[in-house]
Amino acid sequence: MKPNDSRLRTIQVLYFARLREAFGRDREDVTLPDAISDVGGLAELLRGRGEPWSRELGMGKAFRVAVNQDMADDATAINPGDEVAFFPPVTGG
Amino acid sequence: MPIRVQVDDFDVGAEIAALRKGDPRIGGIASFVGVVRDLNEGATVSEMTLEHYPGMTESALEKIVAEAKSRWDIYDALVVHRIGRLMPTDQIVLVVVTSAHRGEAFQACEFLMDYLKTRAPFWKKEQTQQGARWVDARAVDDAAAERWN
(Lines give C-alpha, C1' and ligand atoms only; values in the text may rest on other atoms or scores of the structure.)
Protein backbone atom coordinates (compact mmCIF):
# COMPACT_ATOMS: atom_id res chain seq x y z
CA MET A 1 0.00 0.00 0.00
CA LYS A 2 1.16 3.46 -0.83
CA PRO A 3 0.56 5.66 2.23
CA ASN A 4 0.09 8.77 0.11
CA ASP A 5 -2.51 7.18 -2.17
CA SER A 6 -5.50 9.55 -1.85
CA ARG A 7 -7.97 6.70 -2.38
CA LEU A 8 -6.93 5.36 1.00
CA ARG A 9 -7.99 8.58 2.75
CA THR A 10 -11.37 9.07 1.11
CA ILE A 11 -14.70 9.17 2.97
CA GLN A 12 -18.25 9.65 1.74
CA VAL A 13 -20.08 12.60 3.30
CA LEU A 14 -23.88 12.79 3.22
CA TYR A 15 -26.14 15.79 3.91
CA PHE A 16 -29.82 15.77 4.78
CA ALA A 17 -32.76 18.19 5.01
CA ARG A 18 -31.80 21.85 5.53
CA LEU A 19 -28.08 21.10 5.15
CA ARG A 20 -28.63 19.24 1.87
CA GLU A 21 -30.45 22.28 0.49
CA ALA A 22 -27.95 24.81 1.85
CA PHE A 23 -24.95 22.95 0.37
CA GLY A 24 -26.69 22.07 -2.90
CA ARG A 25 -25.70 18.41 -2.72
CA ASP A 26 -26.76 15.26 -0.94
CA ARG A 27 -23.35 13.54 -0.97
CA GLU A 28 -19.74 13.95 -1.92
CA ASP A 29 -16.43 12.18 -1.58
CA VAL A 30 -13.97 14.02 0.67
CA THR A 31 -10.27 13.29 0.79
CA LEU A 32 -9.04 13.58 4.36
CA PRO A 33 -5.79 15.38 5.04
CA ASP A 34 -3.56 13.24 7.22
CA ALA A 35 -4.11 15.57 10.17
CA ILE A 36 -7.86 14.90 10.30
CA SER A 37 -8.96 11.82 12.20
CA ASP A 38 -12.26 12.72 13.89
CA VAL A 39 -15.65 14.36 13.36
CA GLY A 40 -14.56 17.67 14.87
CA GLY A 41 -11.66 17.86 12.45
CA LEU A 42 -13.88 17.11 9.48
CA ALA A 43 -16.40 19.79 10.50
CA GLU A 44 -13.52 22.28 10.78
CA LEU A 45 -12.31 21.30 7.30
CA LEU A 46 -15.79 21.87 5.86
CA ARG A 47 -16.20 25.22 7.68
CA GLY A 48 -12.92 26.26 6.05
CA ARG A 49 -14.71 26.28 2.68
CA GLY A 50 -16.46 29.52 3.70
CA GLU A 51 -20.16 30.25 3.19
CA PRO A 52 -22.55 28.50 3.48
CA TRP A 53 -20.45 25.83 5.22
CA SER A 54 -19.02 28.15 7.85
CA ARG A 55 -22.51 29.41 8.69
CA GLU A 56 -24.46 26.13 8.67
CA LEU A 57 -21.82 24.21 10.62
CA GLY A 58 -20.77 27.17 12.75
CA MET A 59 -21.06 27.93 16.44
CA GLY A 60 -24.63 28.24 17.61
CA LYS A 61 -26.00 26.20 14.73
CA ALA A 62 -27.56 22.95 15.85
CA PHE A 63 -26.49 20.01 13.71
CA ARG A 64 -25.90 16.33 14.28
CA VAL A 65 -23.35 13.91 12.84
CA ALA A 66 -23.53 10.16 12.27
CA VAL A 67 -20.54 7.96 11.40
CA ASN A 68 -21.44 4.75 9.61
CA GLN A 69 -25.09 5.38 10.54
CA ASP A 70 -24.46 5.66 14.29
CA MET A 71 -24.86 8.96 16.14
CA ALA A 72 -21.45 10.54 16.71
CA ASP A 73 -19.82 13.55 18.37
CA ASP A 74 -16.74 15.68 17.75
CA ALA A 75 -14.42 13.05 19.24
CA THR A 76 -15.73 10.15 17.13
CA ALA A 77 -12.95 8.73 14.95
CA ILE A 78 -13.20 8.84 11.15
CA ASN A 79 -11.40 6.29 9.02
CA PRO A 80 -11.01 6.00 5.25
CA GLY A 81 -14.07 4.41 3.69
CA ASP A 82 -16.42 5.69 6.39
CA GLU A 83 -19.85 7.17 5.68
CA VAL A 84 -20.25 10.45 7.61
CA ALA A 85 -23.61 12.23 7.62
CA PHE A 86 -24.39 15.81 8.67
CA PHE A 87 -28.01 16.74 9.41
CA PRO A 88 -30.24 19.00 11.53
CA PRO A 89 -31.76 17.75 14.80
CA VAL A 90 -34.44 15.21 13.85
CA THR A 91 -38.14 16.08 13.59
CA GLY A 92 -39.99 12.85 12.84
CA GLY A 93 -42.97 11.31 14.60
CA MET B 1 -39.65 -6.49 16.12
CA PRO B 2 -41.25 -5.26 12.91
CA ILE B 3 -40.00 -1.90 11.66
CA ARG B 4 -41.31 -0.33 8.47
CA VAL B 5 -40.60 2.94 6.67
CA GLN B 6 -43.03 3.47 3.82
CA VAL B 7 -44.78 5.94 1.55
CA ASP B 8 -48.12 4.16 1.78
CA ASP B 9 -50.75 4.72 4.46
CA PHE B 10 -51.35 2.04 7.10
CA ASP B 11 -54.46 0.38 8.53
CA VAL B 12 -54.21 0.50 12.34
CA GLY B 13 -56.69 -2.34 12.87
CA ALA B 14 -54.94 -4.63 10.40
CA GLU B 15 -51.53 -3.84 11.89
CA ILE B 16 -52.69 -4.62 15.44
CA ALA B 17 -54.40 -7.81 14.30
CA ALA B 18 -51.21 -8.97 12.57
CA LEU B 19 -49.00 -8.18 15.57
CA ARG B 20 -51.16 -10.05 18.13
CA LYS B 21 -52.20 -12.90 15.87
CA GLY B 22 -52.20 -16.27 17.63
CA ASP B 23 -50.49 -15.08 20.82
CA PRO B 24 -52.72 -15.96 23.81
CA ARG B 25 -50.18 -14.51 26.27
CA ILE B 26 -51.16 -10.98 25.28
CA GLY B 27 -53.39 -9.23 27.79
CA GLY B 28 -53.02 -5.66 26.60
CA ILE B 29 -52.13 -3.69 23.50
CA ALA B 30 -51.15 -0.01 23.56
CA SER B 31 -50.96 1.99 20.35
CA PHE B 32 -50.18 5.54 19.27
CA VAL B 33 -50.98 7.16 15.92
CA GLY B 34 -49.29 10.43 14.94
CA VAL B 35 -51.26 12.62 12.52
CA VAL B 36 -50.46 15.71 10.39
CA ARG B 37 -52.02 18.88 11.82
CA ASP B 38 -53.04 21.88 9.73
CA LEU B 39 -51.43 24.37 12.13
CA ASN B 40 -47.84 24.61 13.42
CA GLU B 41 -46.01 27.54 15.05
CA GLY B 42 -48.89 29.83 14.15
CA ALA B 43 -48.92 29.09 10.42
CA THR B 44 -51.40 27.13 8.35
CA VAL B 45 -49.80 24.00 6.94
CA SER B 46 -51.13 22.86 3.57
CA GLU B 47 -48.83 19.85 3.20
CA MET B 48 -45.54 18.44 4.46
CA THR B 49 -42.73 16.28 3.13
CA LEU B 50 -40.90 13.77 5.29
CA GLU B 51 -37.28 13.02 4.45
CA HIS B 52 -35.19 10.31 6.11
CA TYR B 53 -31.78 8.64 6.09
CA PRO B 54 -32.30 5.23 4.46
CA GLY B 55 -30.42 2.56 6.35
CA MET B 56 -29.79 4.57 9.48
CA THR B 57 -33.51 5.09 10.00
CA GLU B 58 -34.19 1.37 10.14
CA SER B 59 -31.22 0.61 12.38
CA ALA B 60 -32.10 3.50 14.73
CA LEU B 61 -35.69 2.27 15.05
CA GLU B 62 -34.51 -1.29 15.68
CA LYS B 63 -32.22 -0.05 18.45
CA ILE B 64 -35.08 1.91 20.03
CA VAL B 65 -37.37 -1.13 19.98
CA ALA B 66 -34.61 -3.32 21.43
CA GLU B 67 -34.13 -0.75 24.20
CA ALA B 68 -37.86 -0.82 25.00
CA LYS B 69 -37.79 -4.62 25.13
CA SER B 70 -34.87 -4.56 27.53
CA ARG B 71 -36.60 -2.06 29.85
CA TRP B 72 -40.15 -3.46 29.94
CA ASP B 73 -41.70 -6.88 29.98
CA ILE B 74 -43.38 -6.63 26.59
CA TYR B 75 -43.94 -9.28 23.96
CA ASP B 76 -43.57 -7.36 20.74
CA ALA B 77 -43.56 -3.89 19.24
CA LEU B 78 -44.32 -2.46 15.83
CA VAL B 79 -43.17 0.86 14.41
CA VAL B 80 -44.46 2.10 11.04
CA HIS B 81 -43.31 5.55 9.85
CA ARG B 82 -44.37 7.20 6.61
CA ILE B 83 -42.14 9.27 4.34
CA GLY B 84 -42.79 11.49 1.34
CA ARG B 85 -45.64 13.95 0.85
CA LEU B 86 -48.37 14.09 3.51
CA MET B 87 -51.46 16.25 3.96
CA PRO B 88 -53.27 17.47 7.11
CA THR B 89 -55.25 14.62 8.72
CA ASP B 90 -52.91 12.01 7.18
CA GLN B 91 -51.42 9.40 9.49
CA ILE B 92 -47.62 9.75 9.92
CA VAL B 93 -46.51 7.20 12.50
CA LEU B 94 -47.84 4.12 14.27
CA VAL B 95 -46.42 2.48 17.40
CA VAL B 96 -48.03 -0.68 18.81
CA VAL B 97 -46.86 -2.61 21.87
CA THR B 98 -48.20 -5.95 23.12
CA SER B 99 -47.80 -7.09 26.72
CA ALA B 100 -49.41 -9.21 29.41
CA HIS B 101 -50.57 -6.10 31.28
CA ARG B 102 -51.45 -2.53 30.37
CA GLY B 103 -48.85 -0.74 32.48
CA GLU B 104 -45.87 -2.10 30.59
CA ALA B 105 -47.58 -1.60 27.24
CA PHE B 106 -48.48 2.05 27.96
CA GLN B 107 -45.01 2.92 29.21
CA ALA B 108 -43.14 1.18 26.41
CA CYS B 109 -45.38 2.82 23.79
CA GLU B 110 -44.72 6.30 25.21
CA PHE B 111 -40.98 5.59 25.48
CA LEU B 112 -40.86 4.43 21.85
CA MET B 113 -42.50 7.64 20.62
CA ASP B 114 -40.28 9.87 22.79
CA TYR B 115 -37.11 8.18 21.57
CA LEU B 116 -38.29 8.03 17.95
CA LYS B 117 -38.90 11.78 17.94
CA THR B 118 -35.38 12.58 19.15
CA ARG B 119 -33.24 9.74 17.71
CA ALA B 120 -34.68 8.47 14.42
CA PRO B 121 -33.37 10.45 11.41
CA PHE B 122 -36.56 11.92 9.95
CA TRP B 123 -37.04 15.56 8.97
CA LYS B 124 -40.29 17.42 8.22
CA LYS B 125 -40.59 20.23 5.73
CA GLU B 126 -43.86 22.15 5.86
CA GLN B 127 -45.58 24.03 3.08
CA THR B 128 -47.30 27.11 4.54
CA GLN B 129 -48.85 30.28 3.14
CA GLN B 130 -45.51 31.98 3.85
CA GLY B 131 -43.62 29.36 1.85
CA ALA B 132 -41.79 26.13 2.61
CA ARG B 133 -39.86 25.73 5.87
CA TRP B 134 -37.99 22.99 7.70
CA VAL B 135 -39.57 22.18 11.04
CA ASP B 136 -37.26 22.98 13.98
CA ALA B 137 -36.60 20.40 16.67
CA ARG B 138 -38.42 21.28 19.88
CA ALA B 139 -36.91 21.43 23.37
CA VAL B 140 -40.07 19.87 24.77
CA ASP B 141 -39.34 16.69 22.75
CA ASP B 142 -35.81 16.52 24.17
CA ALA B 143 -37.22 16.93 27.67
CA ALA B 144 -39.76 14.15 27.03
CA ALA B 145 -37.00 11.77 25.94
CA GLU B 146 -34.70 12.70 28.82
CA ARG B 147 -37.18 11.68 31.50
CA TRP B 148 -36.49 8.04 30.56
CA ASN B 149 -32.76 8.35 31.36
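Two strands are said to pair here if DSSP finds at least two bridges between them. Strand S3 of chain B, residues 39–40, and S4(B) pair in the antiparallel sense over two bridges. Please bear in mind throughout that this is a predicted model.

Let me stay with this hairpin. Leu39(B) has Thr44(B) in S4(B) as its bridge partner. Two residues lie between the strands S3(B) and S4(B), and in this hairpin Glu41(B) adopts a positive phi near 50°.

With strand S6 of chain B, residues 84–86, S4(B) forms three bridges; Thr49(B) has Arg85(B) as its partner in S6(B).

I turn now to the open sheet. In chain B, four strands form it in the order S1-S5-S7-S2, with mixed pairing. Which strands are at the edge? They are S1 (3–6) and S2 (28–35) of chain B, each of which pairs on one side only. From one strand to the next, the twist averages 10°. S2(B) and S7(B), the latter covering residues 91–99, run antiparallel and are joined by eight bridges. Within this pairing, Ser31(B) stands opposite Val96(B) of S7(B).

Helices pack on this sheet as well. Helix H1 of chain B, residues 12–20, touches S2, S5 and S7 of chain B, and its direction makes about 30° with that of S7(B). H3(B) lies across S2, S5 and S7 of chain B and runs at about 25° to S2(B).

That brings me to the interior. In soluble globular proteins, nonpolar side chains tend to be buried together. The largest nonpolar core here holds 52 residues, and those that touch the most other members are Ile64(B), Ala77(B), Val79(B), Val95(B), Val97(B), Ala108(B) and Leu112(B). H3(B) gives the most to this core, namely eight residues.

Finally, the contact between chains. On chain B, 22 residues are in contact with 13 residues of chain A. Two or more residues on this side of chain B come from each of S4 (43–52), H2 (56–71), H3 (102–119) and S8 (122–128). Which element provides the largest share of the side of chain B that touches chain A? H3(B) does, with five residues. By type, the residues on this side of chain B divide into 13 nonpolar, five polar and four charged.

Terms used:
Residues are numbered from 1 along each chain as its sequence is written. Chains are lettered from A and ligands numbered from 1 in the order in which they are written. This is a predicted model: local features need pLDDT of at least 70, side-chain atom pairs count only at pLDDT 80 or more; totals for chains, interfaces and linings use all residues. Two residues are in contact if their C-beta atoms, placed from the backbone, lie within 7 Å. Ala, Val, Leu, Ile, Met, Phe, Trp, Tyr, Cys and Pro count as nonpolar, Asp, Glu, Lys and Arg as charged, and the others, Gly among them, as polar. Axes are lines fitted to C-alpha atoms, for helices over the stretch in contact, and angles run from 0 to 180 degrees between N-to-C directions. A nonpolar core is a set of buried Ala, Val, Leu, Ile, Met, Phe, Trp, Tyr and Cys residues joined through C-beta atoms within 7 Å. A residue is buried if 20 or more other C-beta atoms lie within 10 Å of its own, exposed if 12 or fewer, and partly exposed in between; C-beta atoms are placed from the backbone.
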